[in-house]
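Student: I'm new to this one. Could you pick a single part and take me through it closely?

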Amino acid sequence: MRVSAHTVCTAIRDEIVSGVFPPGARLTEEQLARRYGVSRVPVREALRTLESEGFVTTRRHAGACVAEPTEREAADLLDIRALLEPLGAARAAQRRSDAHLKVLRGLVRLGRQRAAHGQLSDLRPLGDWFHETLAQASDSPSLAALLTQLRRKTVWMYSPEVVDPPPRAAAVWQEHGAMVDAVARRDAERARALAAAQVERFPVIRRLPRPAAVRTLKPAVNTARARD
């Protein structure tokens with residue numbers, strides 16, 4: 001089965017965000033093709049996409065490398081989020097569908113259950129799903145793509161290993177529930193205010209830059225089994 005460039009792109013991006021490929025690490029097509037069990041064609045396409053997103057940069061005589069964002073770029077990222085996330089939440093309140101609302105309510109229910117039972121490792125993927133659905137509810141593909149990319153880059157640059165303690169985790173999902181209530185009522189201003197407050201409370205523990213030493217790679221991953 002032919003593995004798509006989208007699947008390879010997702011796999012590389014996830015490993016950049018998780019730190020498997022640290023800032024400054026070289027990303028050769030041959031090495032990545034072996035790692036994911038694919039040809040170099042989807043790897044080449046994936047690297048181009050990741051460069052357009054800001055995760056990868058191309059250096060003279062070195063080829064593709066993981067980007068090394070500056071302090072200013074990291075600070076700008078939070079400023080951009082502070083502008084766009086409230087807009088996205090307001091648009092979601094105005095334009096959401098019943099299907100979006102059903103998914104959001106289901107995610108809040110799951111998030112509250114996991115937080116109450118101390119299953120904190122489940123909360124990050126649920127939170128990602130929640131915010132991606134909220135972005136999609138804006139009914140603006142361009143805005144949704146920007147918001148999703150901003151969140152990925154924020155996780156990459158800022159304290160991804162920090163896990164909220166149970167009381168804070170429960171409070172976060174209470175806030176998500178309040179957001180869904182505002183979206184359900186089509187209260188755009190309330191949704192905008194809640195999103196702005198969430199960005200304000202984001203933990204600004206800087207993760208990057210790190211030393212550019214390349215880590216020893218884990219065993220190769222077969223992306224044919226990865227989620228597309």
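This is a predicted model: local features need pLDDT of at least 70, side-chain atom pairs count only at pLDDT 80 or more; totals for chains, interfaces and linings use all residues.

Tutor: Helices (H or I, at least four residues) and strands (E, at least two) are DSSP runs, numbered from the N terminus. Residues are numbered from 1 along each chain as its sequence is written, and side-chain values use heavy atoms, with hydrogens and water left out.

Let's zoom in on α1, residues 5–18. From first C-alpha to last, this 14-residue helix reaches 20 Å, close to the 20 Å expected at 1.5 Å a residue (the expected span being 1.5 Å times one less than the number of residues).

How much of α1 is buried? Buried means under 20% relative accessible area, with a 1.4 Å probe and protein chains only. For α1 the count is 11 of the 14 residues, so the helix is largely enclosed by the rest of the structure. Among them are Ala-5, Val-8, Cys-9, Ile-12 and Ile-16, and also Arg-13 and Glu-15. For the chain, buried residues make up 46% of the 228.

And what does the covering? The cover on those buried α1 residues includes the helices α2 (29–36), α3 (40–53) and α7 (141–157), along with the strands β1 (56–59) and β2 (63–66).

Conventions: Buried means under 20% relative accessible area, exposed over 50%, partly exposed in between (1.4 Å probe, protein chains only). Contact means heavy atoms within 4.5 Å.
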